[in-house]
Amino acid sequence: MINRSAVAALPADVPEFLRSKAAQDAMDYYGPQPDHWRSEDPGLYATMLPEHDIDLEWADLAGPLPRHRYDYMAALQAAQPAHPQVKLTAQQVGLLPYSTEEHWVMLMSAMRDYRGLVAAKQDTKPVECEIVFLAGVLGHFVADGSQPLHVTYQYNGWTGPNPHGYATDNHIHSRFESDYVHDNVKLTDLAPLVEAAKPVVLKDVFEDYVKYLRHSNSLVEKVYQLDKDGAFTGSGTPAGRVFTDERLAAGAIELRDIIYTAWVKSGEPVPPKTAN
C-alpha cells in the first residue's frame, strides 16, 4: 500500500515510467521482497534482520546517530562498557536508517544513469527496471520506519514494568501491521491523506528520515494503548483506524519525497569524493 501510494503521488516532472500503472504493480511486488529473501536461509535471515529495525532507545546510548553504518557500529562498541545491561551491537540494536540511506543513494545513482542515457539517445529500458526495483526495495525500509514497533525495543510485546497491562503475547506486531491492515484498510483510504501533503525535495534525506523514525518512536506506547482497547482486533475501533491510516500515509509521503529527492538531485553534479 505504501509503495503504490507513493508512486501514484509522484509529481509530473518525474519520468512517466516511474509513475505508470506498470511501475505501481512492480512496486507492489518488490515491496515485500526483503522479508521473503531473508526467509530463505537462516544465515541470510540473521544478516538481514537488523536492516529492518532500530531500537532507538538503545541506539541513543551511543550518542547522535552517525551518518554512516560503520561509524555507527564503532559508536555502539565504544558505548558498550558504560551500558553492560544492554548488548550494543548492530545485530541487536538495528540498522534501519542505514538501509534506507544506502538504498536512496543507489536509486539516485541509477536515476543519474537514466538521465545520461536519455541525453545520449540510448536504450533506457534496463536502467528503468533498475530504478523501479530500487525504489520498490527502498519502499520496504521506509514503510518499516512508519511502524512504531520497528523503532523500539518494545517491538513485539511489552517488556519490563507493565503497570498499564499492555500486551505481552508476542503477537501485537503482526496483529497491527499485518492482520488488521489486511482486513480493514483499502488503498483508496490513503490517497486523500497522501495527496494533501505536497511533494517536497528534502534538504538532507538522512536527517529527515531519522526525524521520521523518531516521530514513529514517540507513538510506541500509543500502539500498545490502542491495542489494549481492541483497536487492532477484528474490525477494530475508529481510533485504531485513524491511527493506522495516518501511519500508512506517513510512510507513503516519506517514500514519495525520498524518491522525488533522488530524481531532482540526480540532475545535479556528482559531489567530489573525499579521501579516506
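1. Helix α10 meets helix α13 through Phe141, Val142, Gly145 and Ser146 on the α10 side and Tyr209, Tyr212, Leu213 and Ser216 on the α13 side. Contact here means heavy atoms within 4.5 Å, and helices (H or I, at least four residues) are DSSP runs numbered from the N terminus. The residues of this contact divide into five nonpolar, three polar and no charged. For that division, Ala, Val, Leu, Ile, Met, Phe, Trp, Tyr, Cys and Pro count as nonpolar, Asp, Glu, Lys and Arg as charged, and the others, Gly among them, as polar.

2. The model is predicted; local features need pLDDT of at least 70, side-chain atom pairs count only at pLDDT 80 or more, and totals for chains, interfaces and linings use all residues. Residues are numbered from 1 along each chain as its sequence is written, and side-chain values use heavy atoms, with hydrogens and water left out.

3. The axes of α10 (residues 125–146) and α13 (residues 205–217) come within 8 Å and cross at roughly 40 degrees. That makes α10 oblique to α13. Axes are lines fitted to C-alpha atoms, for helices over the stretch in contact, with angles from 0 to 180 degrees between N-to-C directions. Angles under 35 degrees count as roughly parallel, over 145 as roughly antiparallel, 65 to 115 as roughly perpendicular and the rest as oblique.

4. The largest nonpolar core has 61 residues, of which Leu18, Ile54, Leu65, Tyr72, Leu107, Ile131 and Ile259 touch the most other members. Helix α15 (residues 238–265) gives the most to this core, with 10 residues. A second, separate core of 15 residues includes Leu149, Trp158, Ile172 and Val220. A nonpolar core is a set of buried Ala, Val, Leu, Ile, Met, Phe, Trp, Tyr and Cys residues joined through side-chain atoms within 4.5 Å. Buried means under 20% relative accessible area, exposed over 50%, and partly exposed in between (1.4 Å probe, protein chains only).

5. What does Leu65 contact, leaving aside its neighbours within four places in sequence? The residues are Ile54, Leu56, Ala59, Tyr72, Pro97, Tyr98, Phe206, Val210 and Arg214.

6. The count of salt bridges comes to 16, each a side-chain nitrogen of Lys or Arg within 4 Å of a carboxyl oxygen of Asp or Glu. One of them joins the side chains of Arg4 and Asp28 (2.7 Å, N to O). Arg4 lies in helix α1 (residues 2–8) and Asp28 in helix α3 (residues 21–30), so the pair ties together parts that are 24 residues apart in sequence. Arg4 is buried at 17% relative accessibility, whereas Asp28 is partly exposed at 38%. Arg4 and Asp28 also belong to a network of salt bridges with Lys21 and Asp25.

7. Asp35 and Arg38 form a salt bridge (3.5 Å, N to O). Both lie in helix α4 (residues 33–38), three residues apart, about one turn of the helix. Asp35 is partly exposed at 31%, and Arg38 is buried at 15%. Arg175 and Asp169 form another salt bridge (2.9 Å, N to O); Arg175 is buried at 15% and Asp169 partly exposed at 35%.

8. Lys121 is not a glycine, yet has a positive phi of about 55 degrees. Lys121 sits in the loop between α9 (96–119) and α10 and is exposed, at 77% relative accessibility. Asn170, also not a glycine, has a positive phi of about 60 degrees. Asn170 is in the loop between α10 and α11 (172–184) and is partly exposed at 49%.

How values were computed:
Helix = DSSP H or I, 4+ residues; strand = E, 2+ residues; numbered from the N terminus.
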